[in-house]
Amino acid sequence: MNLYGLARPFLFSLDAENAHLLALRAAGLAALFAPPLIRRPVRAMGIEFPNPIGLAAGLDKNAEHIDAFGALGFGFLEVGTVTPRPQPGNARPRLFRIESRAAIINRFGFNNVGVDAFVANVRRARWNGVLGINIGKNADTPAERAIDDYELCFKQVYPHCAYVVINIASPNTKGLRTLQEADHLNALLQRLTALREPLAERHGRRVPLVVKVAPDLGAEEIQAIADAVRRHGIEGVIATNTSVTRDGVAGLPHANEAGGLSGAPIKERATHVLRELVFALRGEAAVIGAGGILSATDAAEKFAAGASLVQLYTGLVYRGPELVAECASAYRAK
């Protein structure tokens with residue numbers, strides 16, 4: 001049994017959020033026992049990735065553990081979601097395991113230290129791999145001013161990362177998912193792509209933009225998002241965030257908790273959205289697969305569906321760091 005296998009029974013005996021915080025503090029120790037980085041080079045969004053396995057946003061919300069996660073064999077890391085101002089998120093308890101289905105429900109609500117402290121944490125990190133930063137809006141920002149929050153964060157994080165993710169898919173910030181609707185999304189992308197031009201000139205490089213979407217989308221919504229992504233020259237889409245459905249967990253303890261469902265039960269739903277986006281985008285943007293990856297086979301399914309890269313979150317909770325190397329080994333260049 002690996003080190004995480006020994007620690008998991010203790011971690012799972014704790015409140016889910018306390019276990020989460022303890023695991024973050026112990027990530028540096030886990031890195032000491034991690035296997036060497038598996039190299040499966042991939043080029044996507046104009047970036048060279050040493051392998052296509054990434055850490056999904058949400059585990060390292062405040063960019064406090066970049067060095068530890070960077071030593072676990074990931075080809076890239078994504079940190080955040082960060083908002084302009086610090087906010088505590090929703091009241092605890094707000095994180096729940098459904099162990100029998102290898103699932104999690106969370107309603108964190110973008111709890112984070114705010115963009116100034118967040119950027120300071122990024123600058124302190126010594127790891128020099130591919131870093132993405134995930135940005136969002138504050139919970140108390142009115143919907144009509146949401147774009148201002150994204151613009152402020154975009155300006156702040158631009159010099160410090162390889163790509164920026166526009167998170168419009170969390171179900172835990174009221175009204176956020178309305179930004180996936182065509183009119184709102186086009187307005188948001190138009191503002192940020194216009195802002196990117198002077199930022200690129202000032203910093204001497206063009207940072208790719210990525211949109212993170214929900215798994216709970218119909219065919220017309222997926223097509224509208226793909227159209228907006230292509231229209232505005234967005235480099236990537238992450239498919240997907242958590243789900244508001246309870247397919248696969250209905251009737252189980254914690255299944256009725258408010259929040260987003262992640263893990264094994266959303267795999268098929270997330271992969272369907274991924275596949276549809278790949279078809280609709282016609283190679284004009286990379287698609288990053290996330291949702292329900294708990295094995296090398298799951299990662300291989302995302303790649304077969306057209307994902308250029310994949311990201312892990314809930315799988316790490318249930319499987320531990322060994323999952324990173326397993327998934328990297330499953331990748332076969334096309």
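**Packing of helices H8 and H9 in the predicted model**

Helix H8 crosses H9 in a right-handed sense. The model in which this crossing occurs is a predicted one. The contact draws on Lys267, Glu268, Ala270, Thr271 and Leu274 from H8, and on Asp298, Glu301 and Lys302 from H9. Sorted by class, the residues joining H8 to H9 comprise five charged, two nonpolar and one polar.

Two packed helices are described by the angle between their axes and the distance between the axes. For H8, which covers residues 267-281, and H9, which covers residues 296-304, the packing angle is about 25° and the axes lie 9 Å apart. Because angles under 35 degrees count as roughly parallel, H8 is classed as roughly parallel to H9.

These two helices belong to a protein whose secondary structure amounts to eleven helices and 13 strands. The C-alpha trace of the protein extends over about 50 × 40 × 40 Å along its principal axes. Of the 334 residues, 57% count as buried. As regards contacts along the chain, among those between residues at least 6 apart in sequence, 73% join residues at least 24 apart.

Methods. Residues numbered from 1 in each chain as written. Predicted model: local features only at pLDDT ≥ 70, side-chain atom pairs only at ≥ 80, totals over all residues. Heavy atoms only, no water. Axes fitted to C-alpha atoms, helices over the stretch in contact; angles between N-to-C directions. Helix = DSSP H or I, 4+ residues; strand = E, 2+ residues; numbered from the N terminus. Parallel < 35°, antiparallel > 145°, perpendicular 65-115°, else oblique. Left-handed = near helix turned anticlockwise from the far one by under 90°. Contact = heavy atoms within 4.5 Å. Nonpolar A, V, L, I, M, F, W, Y, C, P; charged D, E, K, R; others polar. Buried < 20%, exposed > 50% of the residue type's maximum accessible area, 1.4 Å probe, protein only.
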